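The stops below go one by one.

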Amino acid sequence: MKTKTELIKFNQGLDLESGARLNTFDLMVETYGELNKDKDNAILVCHAFSGNHHAAGKSSDNEALGWWDEVIGPGKAIDTDKFFVVCSNNLGGCSGSSGPLSINPETNELYGKDFPLVSVTDWVNSQKLLSDYLGISKWHMVAGGSLGGMQALQWAISYPKKLKKAGIFATATKSSTQNIAMNEVGREAIRKDKNFMEGDYLNHNVKPKSGLKTARMLGHITYSSEDIMDQKFGRKFQDIKSKIEGTVDYEVENYLQYKGEKFSDTFDANSYILMTKAMDGYDASFSSNGSLEEVMKRIKAKLLVVGFDSDWLYPPKRSKEIQLAAMNVDVQCSCVILKGEQGHDSFLFASDRYVKIIKGFLDSK
Amino acid sequence: MNTSLIHIIKKWIPEKSKVIDFGCGDGSLLKDLIDEKKIRGYGVEIDHNKIQECILKGISVIEKDIDEGIQDFESCNFDVAVMASSIQCLKEPHLALRKMLKLSKQCIVTLPNLGFWKCRLDLAQGRMPVTPNLPSSWYETKNLHLCTIKDFETLCFEEGFVINEKFFLNDKGAKSAMASTFPNTFASEGIYLIAKK
């Protein structure tokens, strides 16, 4: 699979929903496969909260497989032999695109906590500039799951003529009260970490690792489900030899400790706050005073909405809301609820039906 | 679905109308209607393979059990709702019809006629009817609420539905004078276009 990773600099500036402006910004972008002559085989995939531009494959032995590697690749659901797949790290992220870890060109200092609030719509606007840069006037599909699904939906709303299809997976038109509540617990854990320093930790050469870790542990509980945790870990005791924390008794505790620890090594706390704030703040109907139908009238793309039965973060009823609003305003939209073995995370995994449905959707006229 | 039936359903559906097909199968009817009549169409289906075929055809399909989901679409203002060869499989056909006429101005229903003479003959011989449009044996059939043409029209009367059009086919799936004149005995299949009063 032909893979290219590139940092692209944008000098035209971007006005953000918050009213702030980035005069210049960078996007870290990875692409797979080749753009054809007509430039009509391009697919944009949008990453979820903790993902990044590295969606598929791995360029070296040390690198982990991309977050959607089960779905993207030669012969896979999103077939890189046929399609040119593009994924960028969202603004405000911490994997190379402009964000809290980059230098503010105005001050020549790290942005840190001063990186402006970004929104799903801002990301979509930045990706639109990316598509102009790549010379892609119409995406064959824009797709994503969770926070990435919100971007796919927003693409269809913001730039109706710029995409043929949108794959909207395991997501909602807005975060629920419970979603916001969970995110706030995560943020609180970070803010109360003594190393957080009100977001100024970079200048003190410390990292609020324990806060990040706790936030991620909670996150992992919400991405899974009661049944799945039962099946995966049950009440099995942790083998003493592989305990990563002395106090743990059960396997599930060890798993969360491990995942949290790993995450806190790599993720940035200010990014965490920015990303979750963007997720909480998203409401597709915001620009039309809460009428989802009104805003969805603009959509010209064909939609594929997929929910997963074990997802309790963005449960199937959230998917059905999108479908119903689409049907109300004559937008073409299919909706399926799949058996998900992995709770909210199911959208990441290539289950048989999911693969078939994505393929069918991509091949359809 | 046989071709005369499809032909009649197509004839009754106005150009550019908004159509929902309950039990849309592989989406062929909707596909034809989109191509020929420029309708805005949606299908509802529960069978995984058929859903897959709909998606491949580019038909908007919603995975749902009709028994549970009709009322979900109440806000959508359809012009025509189609329920072809499925009404007798539902748990509560009369409620399903009421719900369909809440979300749509008109409703096309097709149903097998248990009063068809061959069915009567089977029953007279002491066996459950097995005919071309009631092909399954009693233990395999999905049909829960079979009725005769007379039964269906009585239900429409009692529920206050108007029958705007009706059409009858014999067991060859064709129009016949006998089926049209004495449908309760000679029609194998009835096709109705109904609306609320």
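Helices and strands here are DSSP runs, numbered from the N terminus: helices are H or I over at least four residues, strands are E over at least two. This is a predicted model, where local features need pLDDT of at least 70, side-chain atom pairs count only at pLDDT 80 or more, and totals for chains, interfaces and linings use all residues. Residues are numbered from 1 along each chain as its sequence is written, with chains lettered from A and ligands numbered from 1 in the order in which they are written.

**Stop 1: chain B**

Select chain B. Nine helices and seven strands make up its secondary structure. Its radius of gyration is 16 Å, close to the 16 Å that the globule rule gives for 197 residues, so chain B is as compact as a globular protein of that length. (The radius is taken over C-alpha atoms; the rule is 2.2 Å times the number of residues to the power 0.38.) The C-alpha trace spans about 45 × 35 × 30 Å along its principal axes. Of the 197 residues in chain B, 43% are buried. Buried means 20 or more other C-beta atoms within 10 Å of a residue's own, exposed means 12 or fewer, and partly exposed lies in between, with C-beta atoms placed from the backbone.

Now select B:Asn77. Look in the loop between helix 4 (66-69) and strand 4 (78-84) of chain B. B:Asn77 is not a glycine, yet its phi is positive, about 50°. Most residues other than glycine have a negative phi. B:Asn77 is partly exposed, with 13 other C-beta atoms within 10 Å.

**Stop 2: where the chains meet**

Show both chains. Their contact takes 19 residues from chain A and 18 residues from chain B. Contact means that the C-beta atoms of two residues, placed from the backbone, lie within 7 Å. Which element of chain B gives the most to the side that touches chain A? Helix 3 of chain B does, with six residues. On that side of chain B, eight residues are nonpolar, five polar and five charged. (Ala, Val, Leu, Ile, Met, Phe, Trp, Tyr, Cys and Pro count as nonpolar, Asp, Glu, Lys and Arg as charged, and the others, Gly among them, as polar.)

Select helix 10 (residues 352-363) of chain A together with helix 3 of chain B. They pack at an angle of about 25°, with their axes 7 Å apart. The axes are lines fitted to C-alpha atoms over the stretch in contact, and angles run from 0 to 180 degrees between N-to-C directions. Among the contacting residues are A:Ile357 and A:Phe361 of helix 10 of chain A, and B:Ile55 and B:Leu56 of helix 3 of chain B.

**Stop 3: chain A**

Colour chain A by domain. Domain 1 covers 3-174 + 283-363, and domain 2 covers 179-276. These bounds come from an automatic or database domain assignment. The C-alpha centres of the two domains of chain A lie 25 Å apart. In chain A, 22 residues of domain 1 are in contact with 19 residues of domain 2.

Go to A:Lys138, in the loop between helix 1 (120-134) and strand 11 (139-145) of chain A. A:Lys138 is partly exposed, with 14 other C-beta atoms within 10 Å. The C-alpha atoms of A:Lys138 and A:Asp40 are separated by 6.6 Å, although these residues are 98 residues apart along the chain.

Finish at A:Asn205, in the loop between helix 3 (177-191) and helix 4 (209-223) of chain A. Its phi is positive, near 55°. A:Asn205 counts as exposed, with 7 C-beta neighbours inside 10 Å.
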